[in-house]
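This briefing goes through one protein model, topic by topic. Please look at the sequence and the 3D view before reading on.

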Amino acid sequence: MSNARSDLSVSRRDDRYELHDGDELLSFAPYSEVDGVIVMPHVETRVQHRGNGYSSVLMAGVVDDVRARGVTIDPICWVARQYVAVLPDAADLTAR
């Protein structure tokens with residue numbers, strides 16, 4: 001997973017999605033996956049990086065992964081919920 005900024009990358013770990021700039025962690029979102037649903041209770045950008053739009057970059061990578069894997073997302077976190085809500089295919093992406 002990646003985005004338009006080639007220096008930033010989103011990756012899925014066993015328990016969270018992460019946004020990195022090289023080796024530096026910028027933003028992350030813990031999740032659990034149950035029956036094909038990614039439950040996302042929290043999205044956080046590290047304090048020194050807030051205000052740069054990194055949570056949106058992270059969520060773009062999450063949504064790309066959700067689409068590619070054919071799963072859905074339960075965006076409990078307000079950041080995730082607001083990001084997903086404005087997507088044209090939001091109803092197909094969400095578990096709610």
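Leaving aside neighbours within four places in sequence, E44 is in contact (heavy atoms within 4.5 Å) with S27, F28 and R50. The model is predicted, so local features need pLDDT of at least 70 and side-chain atom pairs count only at pLDDT 80 or more, while totals for chains, interfaces and linings use all residues. Residues are numbered from 1 along each chain as its sequence is written, and side-chain values use heavy atoms, with hydrogens and water left out.

**Residue E44**

- E44 lies in strand β6, residues 44–45; helices (H or I, at least four residues) and strands (E, at least two) are DSSP runs, numbered from the N terminus.
- E44 counts as partly exposed because its relative accessibility is 25%; buried means under 20% relative accessible area, exposed over 50%, and partly exposed in between, with a 1.4 Å probe and protein chains only.
- The side chains of E44 and H42 make a polar contact at 3.0 Å. Such a contact is a pair of N or O atoms within 3.5 Å; within protein, one must be able to donate a hydrogen and the other to accept it, and residues adjacent in sequence count only if both atoms are side-chain atoms.
- Between the C-alpha atoms of E44 and A85, which are 41 residues apart along the chain, the separation is 18 Å.

**The sheet**

- Four strands form an open sheet in the order β1-β2-β3-β6, with antiparallel pairing. Its edge strands are β1 and β6, each of which pairs on one side only.
- Two strands pair if DSSP finds at least two bridges between them. Strands β1 (residues 8–12) and β2 (residues 16–21) have five bridges, in the antiparallel sense.
- Three residues separate β1 from β2 in a hairpin. Across this pair, S9 stands opposite H20, and V10 has L19 as its bridge partner.
- Strand β3 (residues 24–30) pairs with β2 over six bridges, also antiparallel, and Y17 stands opposite A29.
- The hairpin of β2 and β3 has two residues between the strands, and G22 in the turn has a positive phi of about 65°.

**Helix α2**

- In helix α2 (residues 78–85), the buried residues are V79, A80 and V84. They are on the same side of α2 because they cover an arc of only 120° around the axis, taken from the directions from the helix axis to the C-beta atoms.
- W78, Q82 and A85 are exposed on the other side of α2.
- Elements covering the buried residues of α2 include β5 (37–40), α1 (54–69), β7 (72–75) and α3 (90–93).
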